[in-house]
Amino acid sequence: VTAVRTAGLNTVAAKRLARPDASVAAFIGCGVQAHSHLQALAALFPLTEIRAFGRGTMSRDTFCRSAEKLRLTAVASETAREAMHDADLIVTSVTLSPQLVPFLDARWLKPGVFVTMTDLAAPWLQESMAAFDRIIVDDLEQEASMDKPLVDPALVHGDLTGLVTGDAAGRCTADERTAFVFRGLALGDLAVAGLAYQRACECSQGALTGD
C-alpha cells in the first residue's frame, strides 16, 4: 500500500511540475520505491532511458532489468552525480539511517529538471536546495507542526493540495528546476487501503457469480 500511495502522490506532483517531454529518469536508491515510481512515471512520460545508482549492486542491477522489461535503456551508474547528469526526472529513495551523510547536490542539476524526494530530503545538501526554483511539499499544515522541517520554509511554494486546486503554481517555465519533497500522509495510506478493500470485495463477488 505504501509503495502504491507514495508513487501515486508523487506522480500527481510530477504531472504538474515536470516537463511533459521528459525522457530520461535517474533513480538514486533502487529499492521498492524505485520500482513503484518507475512503473508510474513510465506510464505518464515518454521515457526512453533510466539511470540507476544504489549502494548495493544487486538491487541496482535488478532494477535495471525491470526497466529493460519496459523496453527502456537502463544504465547502471557508478556515482549519483553521473546518474543525475542531464536527467529530466529524478527520484531519490535513499534508505534513512542515523549514519546517513548528505551527498546529493541540487547545484548539479540541469535547468528543467523535476526531482521527487521520497526520503525526507535527507540525502540532499540543505545549502544546495536554493538551486530549485520551485519546491512543493505534501502538506503545509503538517510541515508547520514539525520540529524539523524538510527544507527551509522560505523555499517552499505550496503543497500538493494547492498544486491540484491551483492555489499553488506548478511549472511556470521550461527551464525551472522543480522539486516535490515528501514526508508522507497517513490519510493517503487509508485511502489506498480502502480502494484495495473495495476492489477485493468486487473481485470476490465476481468470482462467486462467475463474472
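Ala25 has Leu89 as its bridge partner in strand S4. The two strands involved, S1 (residues 24-28) and S4 (residues 89-92), run parallel and are joined by 4 bridges. Strands here are DSSP runs of E with at least two residues, and helices are runs of H or I with at least four, numbered from the N terminus. Two strands count as paired if DSSP finds at least two bridges between them.

The model is predicted: local features require pLDDT of at least 70, side-chain atom pairs count only at pLDDT 80 or more, and totals for chains, interfaces and linings use all residues. Residues are numbered from 1 along each chain as its sequence is written, and side-chain values use heavy atoms, without hydrogens or water.

The sheet is open and holds 8 strands in the order S3-S2-S1-S4-S5-S8-S6-S7, with parallel pairing. Strand S3 (73-76) and S7 stand at the edges with a single partner strand each, so one side of each has no neighbour in the sheet. The twist averages 20° from one strand to the next. Helix H3 (residues 57-69) lies across S1, strand S2 (49-53) and S3, and runs at about 170° to S3. Such angles run from 0 to 180 degrees between N-to-C directions; axes are lines fitted to C-alpha atoms, for helices over the stretch in contact.

Strand S8 (residues 178-181) is covered on both faces. Thr178 and Phe180 are buried on one side, Ala179 and Val181 on the other. Buried means under 20% relative accessible area, exposed over 50%, and partly exposed in between (1.4 Å probe, protein chains only). S8 is joined to strand S5 (residues 114-117) by 4 bridges, in parallel. Strand S6 (residues 134-137) also pairs with S8 in the parallel sense, over 4 bridges. Phe180 stands opposite Thr116 and opposite Ile136.

Asp159 lies in edge strand S7 (residues 156-159). Asp159 is buried yet has no salt bridge, defined as a side-chain nitrogen of Lys or Arg within 4 Å of a carboxyl oxygen of Asp or Glu. The nearest side chain of opposite charge, Arg16, is 11 Å away. The Asp159 side chain does reach the backbone nitrogen of Leu140, at 3.1 Å. Its contacts (heavy atoms within 4.5 Å) include Ile136, Val137 and Ala168.

Most residues other than glycine have a negative phi. Leu120 has a positive phi of about 65°, and Ala121 has one near 60°. Leu120 is partly exposed, at 30% relative accessible area. Ala121 is buried, at 1%.

Terms used:
Lys and Arg count as positive and Asp and Glu as negative; His and the chain ends are not counted. A polar contact is a pair of N or O atoms within 3.5 Å; within protein, one must be able to donate a hydrogen and the other to accept it, and residues adjacent in sequence count only if both atoms are side-chain atoms. Lists of a residue's contacts leave out its neighbours within four places in sequence.
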